[in-house]
Amino acid sequence: MSDRVILDADLKFVQGVIKAGGQDLKKCYQCSTCTVVCPLTPEGTPFPRKEMINAQWGIKDKLITSMDPWLCFHCNDCSEQCPREAKPGDVMAAIRNMIIANVAVPSFLGKLTQSIGGSLLLLLFPIILLGAVILGINGGELAFLDKPVIVFHPNMISIPVIEIVFIPAFFFGIITGLLGIKRLINGLSKNYPKTEDGEPLVSALIGTVKDVLSHSKFRECGVNANRNVAHMLLFYSFIGLLITTAGVTSIYYINKIAGATVVTPTPLPFFHPIKIIGNVSALAASIGILLILGRRLFSEKIGQTVAFDWIFILNIALIVATGILAQTSRVAGSQVAYFIYYCHLVFVFFLFAYMPHSKFGHMFYRATALVYARYSGREKSVGMNFLEGKQQELPEETKEVA
Amino acid sequence: MEKKIGVYICSGCDIDKAIDVEGLEKVATNEMKAAVCKTHPFLCSQAGLQVMKDDQNNEGVNSFVVAACSARYHQEDFDFGAESIVVRAGIREMVAWTLELRNEEGVVNEDTQMAGEDYIRMYVARIKGQNIPQPYLLESTDKSVLVVGGGVAGMTSALEAAKAGYDVNLVEKTDKLGGYAAGYKSMVPPQPPYLGVVPNYVADIVSEVEGNGNITVHTSSTIESIEGEPGDFTVKVEGSGAEFKSGAIVLAAGSVPYDVSKLTHLGSDLDNVITSAEFEAMAKSGAIKTKDGQSPKSVVFIQCAGSCDPDHLPYCSSTCCLTSLKQASYIREMDPEAKAYIVYKNMRTPGQYEDFYKSQQDDPGVFLTKGDVSAVKDESGKVAVDVDNTLLGQDIQIKADLVVLATGQVPVTINEDDSFLNLQYRQGPEMPELKYGYPDSHFVCFPYETRRTGIYAAGTVRQSMDVNAAKRDAAGAALKAIQCIEMTARGERVHPRSGDMTFMEPNLQRCTDCKRCTEECPFGAIDENEKGTPLPKSARCRACGTCMGACPERVISFDDYSIPMLSEMIKAIEIPEEEDEKPRVLAFICENDALPVLDQMALMRVRMNPYIRYIPLRCLGGNNLVFVSDALSVGIDGVMYLGCKHGDDYQCHFVKGSELCNERLGKVQETIGRLSLESERVQQYEVSMNDAGPEKLPKIIDDFMEELEDYGPNPFKGF
């Protein structure tokens with residue numbers, strides 16, 4: 001009796017998971033085909049079979065403190081093989097969405113980001129804030145529109161002002177993200193005490209960074225094997241854009257501190273290394289996001305795409321689009337460039353400020369869970385792919401016999 | 001009839017590769033004195049059959065011994081009209097395809113040839129003992145159907161028979177038609193796409209029955225008595241007071257839920273623990289409430305409540321899962337926030353009801369898990385259900401407002417004090433029962449058949465089933481009833497010897513009133529008077545011959561099947577001298593299973609022992625111990641009986657035949673003792689279609705032959 005738990009199925013949570021992308025969740029009849037075909041699940045207490053019934057019953061406590069949804073990369077090998085078309089892959093994604101909604105700090109942001117309406121509401125904040133700032137520093141007029149040469153900084157908004165707005169937004173994202181991570185770890189540590197298989201924290205961190213940089217988990221997928229390409233393009237282009245931003249900022253301050261133009265000022269010439277990094281990254285990002293958009297729109301294998309996914313995808317797409325358009329229209333000498341750049345700033349603000357509350361939050365939580373998986377010792381992947389063309393390499397001797 | 005016997009030997013199908021057919025011809029004409037004997041290389045061809053027809057027309061041949069393939073092939077080809085007799089010596093299967101072929105020089109094997117010749121002797125002897133069947137015809141055959149029970153099955157049977165143009169009397173004990181299912185709130189859908197529940201449609205069936213001019217409904221009525229036989233049952237009804245004739249009967253008396261008071265381990269004695277029947281009634285009345293009048297917010301359905309449980313009902317009722325899935329939707333409709341839990345051992349929704357299961361499962365408020373319910377307790381107004389081994393990976397407890405026990409079905413006939421048919425039969429007033437109390441003659445192969453000829457069980461009284469299955473079942477039973485009426489009118493037997501015109505005919509002058517036949521008839525076909533003299537009801541006879549085997553005075557026979565006929569076949573077998581070291585064993589084989597097994601083995605060309613001579617019986621129940629003494633006294637070394645499995649899960653087409661044969665052989669010592677022979681020389685073996693293959697049957701025979709060797713040759717050889 002001591003092990004017996006009193007269960008009260010949480011209908012609201014079930015409906016939440018259904019809404020968050022697990023619409024076929026109730027079709028599962030627990031055959032466990034999914035866990036058998038999953039190329040990523042660890043051997044002991046594998047997923048996603050148990051997540052399926054926990055989600056069917058709305059066992060919220062268990063699900064939002066579970067590490068396993070983060071070990072799932074939504075390959076959809078399971079959904080492809082599921083005899084009931086319950087789409088476990090989509091359910092795992094929905095559970096991740098529910099986890100974000102529940103661990104994000106402050107909670108109301110985590111809830112608002114789940115819907116289009118909520119996100120539009122959140123978008124109002126940077127629209128008004130940036131609009132007010134631009135109008136404020138320009139004395140309530142859009143006089144910069146009349147200047148002969150189109151330059152964003154300082155014509156429309158100066159770099160320090162951008163920093164005054166964006167650095168707090170960025171740190172809001174980071175700090176609330178860290179608080180969310182803390183909440184996540186609290187849950188994880190209860191469910192997954194460190195075992196003897198666990199790695200030291202440093203090694204777990206390094207291992208995870210290596211995994212993330214190489215996208216090694218992603219590549220084990222069967223059905224959506226090439227999905228890692230788009231993600232990789234976006235991942236590295238974001239790093240590139242980060243370098244670009246840091247570079248541009250540095251140039252500004254170097255010149256400012258030197259009191260003279262010691263390095264080439266912005267706008268940078270086309271073949272400036274930082275400009276090249278920026279443009280290549282922008283190109284890579286556009287290809288990446290187009291691939292993702294295309295697949296989300298036209299591929300059935302990718303699974304369910306819900307508001308929470310679309311908002312993030314569109315956010316990235318709009319940032320990339322406005323970024324490129326701002327530059328091209330500026331070069332073309334169109335005044336529209338100012339408006340596009342304003343939009344670009346709004347979308348970037350949205351991305352940064354709501355980092356841990358939107359789907360972008362997976363960056364925090366998945367990374368945390370992956371580190372914790374190595375740290376606690378749950379990182380014992382089966383590493384087998386049962387789907388065609390992905391059979392595990394046989395040892396030499398066995399091959400000869402075969 | 002003056003018999004003119006013609007023996008027709010086929011040399012095709014490789015028969016002449018094993019047998020010297022000229023040798024057989026000599027036996028037929030010289031030894032057995034057949035008037036005509038001819039060989040044809042392709043006897044079942046037009047040309048071959050024409051030879052026989054020409055002899056029938058020109059030579060007056062009226063008794064045909066066809067020495068060719070097994071009797072199971074070409075039955076219609078070898079039919080020369082009602083005024084002729086045909087017997088089939090299956091030398092292709094029993095000799096040519098299972099014994100040694102000619103050697104490389106083309107010389108026949110001696111044992112093979114002996115076997116072929118023996119079958120000619122046996123079948124000429126047989127045809128001498130056969131007569132043309134004279135059918136049993138009723139003065140007039142009543143063609144109406146009596147249906148007992150006015151539920152879905154009974155009403156459907158009545159409608160189907162009525163639609164086919166037969167008058168129906170429908171007797172229902174309550175004051176209105178509809179039966180158990182009339183009390184359902186909603187029903188599982190009867191047709192694709194099987195999604196969601198549908199409104200109760202029993203009322204539609206009731207009005208259809210009431211509007212059908214061929215159906216006379218007797219409500220608040222029960223059967224006072226039924227006597228007679230198919231085509232001529234006299235039915236007295238208590239209640240409506242009617243008395244009428246019926247040609248056949250459908251018993252559709254239904255089922256009751258399992259007695260829930262036995263399920264205290266599932267909390268059946270607790271306040272808020274009810275049965276699915278009680279829950280359905282509440283839902284039908286419009287208000288699902290707990291004991292204290294509250295609307296339940298959470299309901300746990302416990303599946304297999306007393307089912308699939310060796311201490312209660314060992315079987316699956318196949319409907320309780322459907323019922324709970326259906327009832328879960330009642331809760332969810334009543335209150336969108338209410339929760340329905342279903343705890344099952346195995347979710348069983350047979351056939352396309354899988355789609356219904358899926359549709360119910362889709363509801364977010366229906367929570368399913370496999371699990372074992374270990375305790376149901378009252379806990380401060382709630383019912384705590386402990387479930388072990390769940391799919392949730394741990395033992396759980398669910399606190400519910402209401403618990404529904406999904407109980408299984410039990411046939412109403414299980415209560416021996418209740419009467420349904422009141423048959424005025426020597427073997428008792430009701431249907432014989434099988435395992436679990438269901439009246440049924442053969443669960444697997446012949447679902448509608450019962451052990452009372454002309455009476456067919458349908459619906460949940462026959463087997464636990466859902467409403468839609470009961471409708472199909474009822475339609476089938478109605479057609480069986482009609483078939484029985486029409487065959488009886490033609491003087492034919494019904495299943496399994498469909499179309500056979502013969503029936504048991506006792507020579508009462510030599511009868512000693514021992515009652516063995518009236519007691520042992522598997523179909524209760526024979527009544528008796530106060531003295532115990534049998535009063536055969538011939539339209540109830542299934543012609544299995546069990547009575548013939550039972551009769552110690554050997555006075556029961558059929559027109560074309562009798563003890564003297566079989567004895568002559570035994571005596572026709574040529575017994576080699578002891579010094580030839582060629583034993584002879586007689587094997588009686590059941591026509592229904594063992595004979596097809598042999599035919600199968602022949603198709604596989606399995607080499608069999610050449611010393612066996614097979615005699616098919618309609619059923620091993622027809623075995624009379626006189627055959628043993630006949631065989632042993634002419635020098636046959638041993639006797640085998642190859643028949644169906646008996647016991648609880650018997651496979652005998654005539655229910656008890658192989659079992660009775662076995663019982664009789666238990667007393668064989670008396671017979672054999674008189675001859676001072678070992679009782680081990682006589683053995684019965686169970687053979688089923690699964691045994692058709694080179695392993696099982698040849699091994700049975702080889703082992704038997706080996707055992708016989710220990711006892712040495714029968715000392716009666718040569719007498």
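B:Arg664 forms a salt bridge with B:Glu520, the closest N and O atoms being 2.9 Å apart, where a salt bridge is a side-chain nitrogen of Lys or Arg within 4 Å of a carboxyl oxygen of Asp or Glu. The model is predicted, so that local features need pLDDT of at least 70 and side-chain atom pairs count only at pLDDT 80 or more, while totals for chains, interfaces and linings use all residues. Residues are numbered from 1 along each chain as its sequence is written, chains are lettered from A and ligands numbered from 1 in the order in which they are written, and side-chain values use heavy atoms, with hydrogens and water left out.

### Exercise 1

Task: describe how domain 4 of chain B meets domain 5 of chain B.

Solution. Begin with the bounds, which come from an automatic or database domain assignment: in chain B, domain 4 covers 505–557 and domain 5 covers 561–719. The centres of these two domains of chain B, taken over C-alpha atoms, are 25 Å apart.

Next, count the contacts, meaning heavy atoms within 4.5 Å: 16 residues of domain 4 of chain B touch 16 residues of domain 5 of chain B. The two domains bury about 1,300 Å² between them, with 64% of it from carbon and sulfur atoms; buried area is the accessible area (1.4 Å probe) that two parts lose on being put together, summed over both. On the domain 4 side, B:Cys544, B:Met548 and B:Arg554 supply 39% of the area buried against domain 5, more than any other three residues.

Then turn to the polar side of this interface, where the rule finds one salt bridge and where six residue pairs, both at pLDDT 80 or more, are in polar contact. A polar contact is a pair of N or O atoms within 3.5 Å; within protein, one must be able to donate a hydrogen and the other to accept it, and residues adjacent in sequence count only if both atoms are side-chain atoms.

Finally, ask which elements take part: helix H12 (516–520) and helix H13 (546–550) of chain B each give two or more residues to the domain 4 side, and H13(B) provides the largest share, four residues. Helices (H or I, at least four residues) and strands (E, at least two) are DSSP runs, numbered from the N terminus.

### Exercise 2

Task: work out how chain B and chain A touch each other.

Solution. The contact joins 30 residues of chain B to 26 residues of chain A, and the two chains bury about 2,300 Å² between them, 53% of it on carbon and sulfur atoms. Between the chains there are four salt bridges, and A:Asp8 and B:Lys339 meet in a salt bridge at 2.8 Å, N to O. The count of residue pairs in polar contact, both at pLDDT 80 or more, is 20.

### Exercise 3

Task: compare the burial and the polar contacts where domain 1 of chain A meets domain 2 of chain A.

Solution. In chain A, domain 1 covers 11–104 and domain 2 covers 108–376. Here 30 residues of domain 1 of chain A are in contact with 37 residues of domain 2 of chain A, and about 2,900 Å² is buried, with carbon and sulfur atoms giving 60%. A:Met67, A:Trp70 and A:Phe73 supply 25% of what domain 1 buries against domain 2, more than any other three residues.

Between these domains of chain A the count of salt bridges is zero, while 16 residue pairs, both at pLDDT 80 or more, are in polar contact.

### Exercise 4

Solution. Most residues other than glycine have a negative phi, and most peptide bonds are trans.
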